[in-house]
Amino acid sequence: MDKQEVLESWGRLMKELDEIKNMDESLILIGDFNRAVGAGEQGVPGDHKHVSYGGQLVRELLADKEYILVNSIQEAERGPWTWTSRANDKLKSCLDLVIVSADILPYISSLEVDVRMEHKMFRVRKGTDRLKMIPSDHLPLILRLKNMPTRR
């Protein structure tokens with residue numbers, strides 16, 4: 001993805017976040033961002049130092065502390081890696097992120113990177129005569145919440 005495509009997809013996401021904020025609602029955003037956010041402040045402890053263009057956009061979103069990167073907090077377990085290259089298992093990164101509204105932080109019990117693959121993920125591809133299940137090269141994330149009010 002080139003910079004323009006990254007910026008366009010990021011713009012669509014920011015528009016959705018603004019709509020959620022305008023409705024005075026909180027959010028939990030979980031997914032394969034494919035953005036290298038790096039280590040250090042606003043990054044993921046133990047991750048590589050490299051920050052991609054898209055990773056810098058994520059860091060800018062986190063800068064005002066309105067949103068929190070759950071991968072970076074103490075409750076994150078068995079991380080940081082969520083992706084391993086199929087060609088070279090030494091090539092790893094944290095590309096799958098959990099971002100929440102800051103007001104949800106007190107309700108987070110844990111974030112687990114499922115390194116044991118107890119929750120298998122697959123991509124489905126249509127073959128010539130049937131669907132083909134292809135194991136994902138990403139590890140599942142399990143976010144646990146506790147005592148969260150139902151109105152949130």
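Helices here are DSSP runs of H or I with at least four residues, strands are runs of E with at least two, and both are numbered from the N terminus. Keep that in mind as I go through the elements.

First, the ground rules. This is a predicted model, so local features need pLDDT of at least 70, side-chain atom pairs count only at pLDDT 80 or more, and totals for chains, interfaces and linings use all residues. Residues are numbered from 1 along each chain as its sequence is written, and side-chain values use heavy atoms, with hydrogens and water left out.

Which residues make the patch? They are Phe122, Val124, Leu131 and Met133, and together they cover about 410 Å². A patch takes residues with over 30% relative accessible area and no salt bridge; like charges are joined within 9 Å, and nonpolar side chains (Val, Leu, Ile, Met, Phe, Trp, Tyr) within 5 Å. The areas come from the Shrake-Rupley method with a 1.4 Å probe, and for residues only the protein chains shown count as cover.

Look at two members. Phe122 sits in strand β8. Its relative accessible area is 39%, so Phe122 is partly exposed. The scale runs like this: buried is under 20% relative accessible area, exposed is over 50%, and partly exposed is in between (1.4 Å probe, protein chains only). Val124 is in strand β8 too. Setting aside residues up to four places away in sequence, Val124 touches Leu131, Lys132 and Met133. Contact means heavy atoms within 4.5 Å. Now pick out Lys15. Val124 and Lys15 are 109 residues apart in sequence, and their C-alpha atoms are 29 Å apart in space.

Next, the sheet. Three strands form an open sheet in the order β3-β7-β10, with mixed pairing. Strands β3 and β10 (141-145) stand at the edges with a single partner strand each, so one side of each has no neighbour in the sheet. What counts as pairing? DSSP must find at least two bridges between the two strands. Strand β7 (residues 108-113) and β10 pair in the antiparallel sense, over five bridges. For a landmark, find Ile108, which stands opposite Leu145 in β10.

A salt bridge puts a side-chain nitrogen of Lys or Arg within 4 Å of a carboxyl oxygen of Asp or Glu. How many does a search of the whole structure find? Two. One joins Glu112 and Arg144, with the closest N and O atoms 3.1 Å apart. Is Glu112 buried or exposed? Glu112 is buried, at 6% relative accessible area. Arg144 is partly exposed, at 37%.

In the other salt bridge, the side chains of Lys21 and Glu66 meet at 3.3 Å, N to O. Lys21 lies in helix α1 and Glu66 in the loop between α2 and β2, so the pair ties together parts 45 residues apart in sequence. Lys21 is partly exposed, at 43% relative accessibility. Glu66 is partly exposed as well, at 27%.

Now helix α2, residues 53-62. This helix is mostly covered, with seven of its 10 residues buried. Those are Gly54, Gly55, Leu57, Val58, Arg59, Leu61 and Leu62. What covers them? The cover includes α1 (3-22), β2 and β6 (96-101).

On to Asn71, in the loop between β2 (67-69) and β3 (76-77). Asn71 is buried, at 8% relative accessible area. Its side chain reaches the backbone nitrogen of Val98 at 2.8 Å. That is a polar contact: a pair of N or O atoms within 3.5 Å; within protein, one must be able to donate a hydrogen and the other to accept it, and residues adjacent in sequence count only if both atoms are side-chain atoms. Beyond four places in sequence, the contacts of Asn71 include Val44, Pro45, Cys94 and Leu111.

Met117 is not a glycine, yet has a positive phi of about 55°. Met117 is in the loop between β7 and β8, and is partly exposed at 24%. Asn147 is not a glycine either, and also has a positive phi of about 55°. Asn147 is in the segment after β10, and counts as exposed at 71% relative accessibility.
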